[in-house]
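The entries follow the order in which I looked things up.

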Amino acid sequence: MNENNRPVDIDMPADPVSAATHADPYPCYAALRDGPPLAWNEKLRLWVASRADVVEQVLLAHGALRVRPAAEPVPRAIVGSPAGEVFGHLVRMNDGVAHQAHRPALQRALAGLDLNAVHVAALRVAQRVPGQQPLSDTLFSMPVQAVAHLLGFADDALAQVDRWMRDFVACLSPLSTPEQLERASAAAGELMARFEMLAAVAPPRHGTLLAAVLAESAGDARVSRSLLANLAGLLTQTCDATAGLVGNSLIALMREPSLLRPLSGTRNGLQAIVEETARHDPSVHNTRRFAAEAVTIAGTPLAAGDAVLVLLASANRDPALNPDPDRFMPVRARRRMLGFGHGMHACPGQALACTLAAASLEALLPRHAADFDAQRLRGWSYRPSVNGRIPVFH
Ligand code: HEM
């Protein structure tokens, strides 16, 4: 029995972190939502927020709750390396005043994208990704190469940027091996050099995301290292999360092939599948916050230094957020989700991510739809991760 006097199901995840890569974490999340607003997990030594209203409160308390522990702004394993330099500049990973300065430019540039044009460009890039590589790798290549293209990289550089990005994001996980950390630093150095070259072209190529970010950062006569790192950060933010969204959308279609019929590959239909997947089985299951000072959240006093695990995927299935939340419904009157965060650090790339994922699906379906039944039988597992849900197809 567990602390709520429920029988412990042997198929339940061992804890709310390993839930992200469990075959079916949703009963575990439902049990957590029935518990206290913030539940102390002794094994992980952190507080767990699982209900939508509590997740929102935690993410809105950005004065007291920060994205990194005060004592370790950059993970120890990469401090002093090129990867550490990039990490230290990312608005996603920091709450410093200097970081806040870049946020509006990134938000406005992403909000200004013409998503129809993005879909057309992303589809063209995705269709050129070679079909010989395993599907589980293609999930990454299609959206990453599309964002590299949007930023202004030439077609012949896209595959290389994709490889560097895969190496670089490996260092963002606490599960990274020393070899991965070394490769990540080499990749970070190369990426920064490439972004420097791209940004040095004056004026930057019209219509690119790079030109839009630079225009929104007007006043910076010289492009700073921190802005360059945040441009590279647009690729890191795309990489794992969008790969997972594409993969989990494919799984939704494999589980329920009848979804394909009314769509027959239409753009709006695929967009609806992707958006419902982002709610129902998202690629980012959790994020964390760290108390910089004592604070009370949902009636629970937290001490300075306490950590909170914020279960975004659980919040998406909270019946208080969406009616009938366990049902996969591409058409919903008012779909609400917290899988892209909330408050100051909320994802400015949500619409872009869904567009990239829909374009990737459009490119993947002609290649793989005929194999869906066989793929469902072969099955899939999830890449080792503490927060991402990214399938590996067997
Ligand atoms: C399915 C794909 C994606 C998911 C699930 C996702 C999810 C998230 C989440 C949950 C956060 C907030 C984390 C936190 O508060 O702790 C975030 C932040 C961010 N995302 Fe995304 N994201 C995705 C794709 C993208 C894309 C394509 C871009 C841009 C190209 C992007 C750019 C960013 C940036 C810049 C931030 C930091 C915002 C800030 O701190 O001000 N994301 N994302």
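Entry 1: I began with Arg45, which I found in the loop between β1 and β2, where strands are DSSP runs of E with at least two residues, helices are runs of H or I with at least four, and both are numbered from the N terminus. I noted that this is a predicted model, in which local features need pLDDT of at least 70 and side-chain atom pairs count only at pLDDT 80 or more, while totals for chains, interfaces and linings use all residues. Residues are numbered from 1 along each chain as its sequence is written.

Entry 2: In what order do the five strands of the open sheet stand? I read the order as β1-β2-β7-β4-β3, with mixed pairing, two strands counting as paired if DSSP finds at least two bridges between them. β1 (38–41) and β3 (65–66) are at the edges with a single partner strand each, so one side of each has no neighbour in the sheet. Helix α2 (residues 52–60) packs on this sheet and touches β1, β2 (46–49), β3, β4 and β7 (307–311), contact meaning that the C-beta atoms of two residues, placed from the backbone, lie within 7 Å. The direction of α2 makes about 130° with that of β7; the axes are lines fitted to C-alpha atoms, for helices over the stretch in contact, and such angles run from 0 to 180 degrees between N-to-C directions.

I followed the pairs one by one. β1 and β2 run antiparallel and are joined by four bridges, with Trp47 as the bridge partner of Trp40. β2 and β7 run parallel with three bridges, and here Val48 has Leu309 as its bridge partner. β4 and β7 run antiparallel with five bridges, Phe290 standing opposite Ala307. β3 and β4 (residues 286–291) pair in the antiparallel sense over two bridges, and Phe290 is also the bridge partner of Arg66. As for burial, β7 is mostly covered, with four of its five residues buried.

**Entry 3: a helix with a buried side.** Which residues of α1 (residues 26–33) are buried? I listed Cys28, Tyr29, Leu32 and Arg33. They lie on the same side of α1, because they cover an arc of only 140° around the axis, the arc being that of the directions from the helix axis to the C-beta atoms. These buried residues pack against β1, β2, β7 and α13 (312–316).

**Entry 4: around the ligand.** I counted 27 residues around the ligand, of which Ala241, Gly341, His345, Cys347 and Gly349 come nearest; a residue is near a molecule if its C-beta atom, placed from the backbone, lies within 6 Å of it. The elements giving two or more residues to this shell are α4 (97–111), α10 (225–255) and α14 (350–368), and α10 provides the largest share, seven residues.

Entry 5: Leaving out residues up to four places away in sequence, Asn322 touches Arg279, Arg332, Arg335 and Arg336.

Note on methods
Buried ≥ 20, exposed ≤ 12 C-beta atoms within 10 Å, placed from the backbone.
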